[in-house]
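Hi there,

Here is the structure I promised to pass on. Have a look at it first, and my notes on what turned up follow just below.

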Amino acid sequence: GEYDIEVHRELMLDFKLQASRLLPQPVENDLECMFAMQHYGMPTRLLDWSDNYLVALYFAVWESDFYEIDSAVWVLNPWALNKIAIGARSVPPCWAPELSPYVTDSEKLTTVPVALKPRYNTDRIQAQRGEFTLHGTESRGLEEEELITGSSLRSALLKKIIIPAHAKR
């Protein structure tokens, strides 16, 4: 549905006020708060990725309820994405000052997601070799976005590898 930045701000505030006892250390910025929210199942604009292909493959096939349908592993080039999204061929860490406006400033929300690196401060992020994309106002998936589709970087940006149902076990 529609993204409401006011609801997002309220969710973050509530989380900061009520979840501090669950966290191994205080969150240092709004992005780290969003990482923690994601970890505990709250709605965020983050999408988890892994830079370890075996972790990605595991998550594509692990649910036995879905053994009868194909799965997929998506491969993203985060440098190409950020060239389109923020004009820089880099993947900034979550504490980079240039990312903070993309979290809570409605004027700075991009349509294209921004790839970023988290602080490896939890066992889960470290074990899964977690990376993230922070999504903006666009509700369609990356493969559907016109800005991405029309880009000359499209072929180097996103690839889909199908895992046939019969091969999942």
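Let me start with Lys117, which is partly exposed at a relative accessible area of 35%; here buried means under 20% relative accessible area, exposed over 50%, and partly exposed in between, using a 1.4 Å probe and protein chains only. Before going on, please keep in mind that this is a predicted model, in which local features need pLDDT of at least 70, side-chain atom pairs count only at pLDDT 80 or more, and totals for chains, interfaces and linings use all residues. Residues are numbered from 1 along each chain as its sequence is written, and side-chain values use heavy atoms, with hydrogens and water left out.

The side chain of Lys117 forms a salt bridge with that of Glu131 (3.9 Å, N to O); the term stands for a side-chain nitrogen of Lys or Arg within 4 Å of a carboxyl oxygen of Asp or Glu. Lys117 sits in the loop between strand 3 and helix 6 (123–127) and Glu131 in strand 4, so the pair ties together parts 14 residues apart in sequence. Helices (H or I, at least four residues) and strands (E, at least two) are DSSP runs, numbered from the N terminus. Glu131, for its part, is buried, with a relative accessible area of 13%.

How many salt bridges does the structure hold? There are 3. Another one joins the side chains of Lys16 and Asp30 at 2.6 Å, N to O. This pair links distant parts of the chain, with Lys16 in helix 1 and Asp30 in helix 2, 14 residues apart. Lys16 is partly exposed at 38%, and Asp30 is partly exposed at 25%. Glu6 and Arg9 also meet through their side chains in a salt bridge (2.6 Å, N to O). Both of these residues lie in helix 1, 3 residues apart, about one turn of the helix.

Leu116 is worth a click: leaving out residues up to four places away in sequence, its contacts include Leu31, Phe35, Leu134 and Glu131, where contact means heavy atoms within 4.5 Å. Glu131 is also the salt-bridge partner of Lys117.

Best wishes
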